Amino acid sequence: QVQLVESGGGLVQAGESLTLSCAASGNIFNIWAMGWYRQAPMKQRELVANFTGGGVANVVDSAKGRFTISGDNAKSTVYLQMNNLKPEDTGVYYCNLRAMKDWKDYEYWGQGTQVTVSS
């Protein structure tokens with residue numbers, strides 16, 4: 001099993017910054033994607049930023065230039081630096097990890113951390 005523990009959410013004003021962390025532990029193997037999704041009230045969960053095969057960083061268009069994803073392989077941790085936050089960034093942010101083993105795709109989610117941006 002894989003456990004994902006998130007931290008770093010909170011309440012900020014528009015224009016401020018937050019950094020989210022997600023630490024993975026457990027039986028970690030053949031990770032092919034790891035990153036962050038968010039779910040705003042009454043909306044579907046959407047990808048915000050992640051690393052995919054080969055360490056390619058992907059960031060959703062609405063966050064480009066404001067959000068940066070980074071990682072620390074030694075700590076099995078990914079970070080999401082969020083600058084110039086906007087009210088529309090409000091939501092629950094979930095860490096996501098996908099791994100492959102024996103040709104099967106496994107997906108894990110963290111418990112979520114709330115980010116609220118006031119105008």
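# Close-up views of a predicted model

**View 1. Four strands each supply at least two residues to the lining of the largest pocket: E4 (31-39), E5 (46-52), E7 (67-72) and E8 (77-82).** The model shown here and in the views below is predicted. The largest pocket holds about 340 Å³ of space. Its lining counts 17 residues. Nearest the centre of the pocket lie Ile31, Met34, Phe51, Asn73 and Val78. Which strand gives the most to this lining? Strand E4 does, with four residues. How does the lining of the largest pocket divide by class? Eight residues are nonpolar, eight are polar and one is charged.

**View 2. A disulfide joins cysteine 22 to cysteine 95.** A search of the whole structure turns up one disulfide. The S to S distance is 2.0 Å. A disulfide is a covalent bond between the sulfur atoms of two cysteines. Which way is the disulfide of cysteine 22 and cysteine 95 handed? The torsion about its S-S bond is about -85°, so the disulfide is left-handed. Cysteine 22 sits in strand E3 (residues 18-26) and cysteine 95 in strand E9 (residues 91-101), so the pair ties together parts that lie 73 residues apart in sequence. Are the two ends buried or exposed? Cysteine 22 has a relative accessible area of 0%, so it is buried. Cysteine 95 is buried too, at 0%. The cut-off for buried is under 20%.

**View 3. The largest nonpolar core has 26 residues.** Which members touch the most other members? They are Leu4, Trp36, Leu80, Met82 and Tyr93. Strand E1 (2-7) gives two or more residues to this core, as do E3, E4, E5, E7, E8, E9 and strand E11 (113-118).

**View 4. Leucine 4 is shown with its contacts, leaving aside neighbours within four places in sequence.** Leucine 4 is one of the core members that touch the most others. Both disulfide partners, Cys22 and Cys95, are among the residues in contact with leucine 4. Ala23, Ala24 and Met34 also make contact with leucine 4. So do Asn96 and Leu97. Tyr108, Trp109, Gly110 and Gln111 complete the list.

**View 5. Valine 48 is a buried residue of strand E5.** At 0% relative accessibility, valine 48 falls under the 20% cut-off, so it counts as buried.

**View 6. Valine 59 lies in strand E6 (residues 56-59).** Is valine 59 buried, exposed or partly exposed? Its relative accessibility is 22%, so valine 59 counts as partly exposed. Valine 59 touches Val48, Ala49, Lys64 and Phe67, not counting residues up to four places away in sequence. The C-alpha atoms of valine 59 and glycine 15 are 19 Å apart. Along the chain, these two are 44 residues apart.

**View 7. Isoleucine 28 and asparagine 30 are both placed in the loop between E3 and E4.** Isoleucine 28 has a relative accessible area of 29%, so it is partly exposed. What does isoleucine 28 touch beyond four places in sequence? Val2 and Ser76. The C-alpha atom of isoleucine 28 is 18 Å from that of tyrosine 94, 66 residues apart along the chain. Asparagine 30 counts as exposed, at 55% relative accessibility. Its phi is positive, about 40°, although asparagine 30 is not a glycine.

**View 8. Aspartate 102 lies in the loop between E9 and strand E10 (104-109).** What is the phi of aspartate 102? It is near 50°, a positive value in a residue other than glycine. Aspartate 102 reaches 66% relative accessibility, over the 50% cut-off, so it counts as exposed.

Methods
Residues numbered from 1 in each chain as written. Predicted model: local features only at pLDDT ≥ 70, side-chain atom pairs only at ≥ 80, totals over all residues. Heavy atoms only, no water. 1 Å grid on protein atoms, 1.4 Å probe; cavity = no way out; pocket = protein on both sides within 12 Å on 5 of 7 lines; lining within 4 Å. Points joined across faces, edges and corners; volume = space filled by probe spheres on them. Nonpolar A, V, L, I, M, F, W, Y, C, P; charged D, E, K, R; others polar. Disulfide = S-S within 2.5 Å. Buried < 20%, exposed > 50% of the residue type's maximum accessible area, 1.4 Å probe, protein only. Core = buried A, V, L, I, M, F, W, Y, C linked by side-chain atoms within 4.5 Å. Contact = heavy atoms within 4.5 Å.
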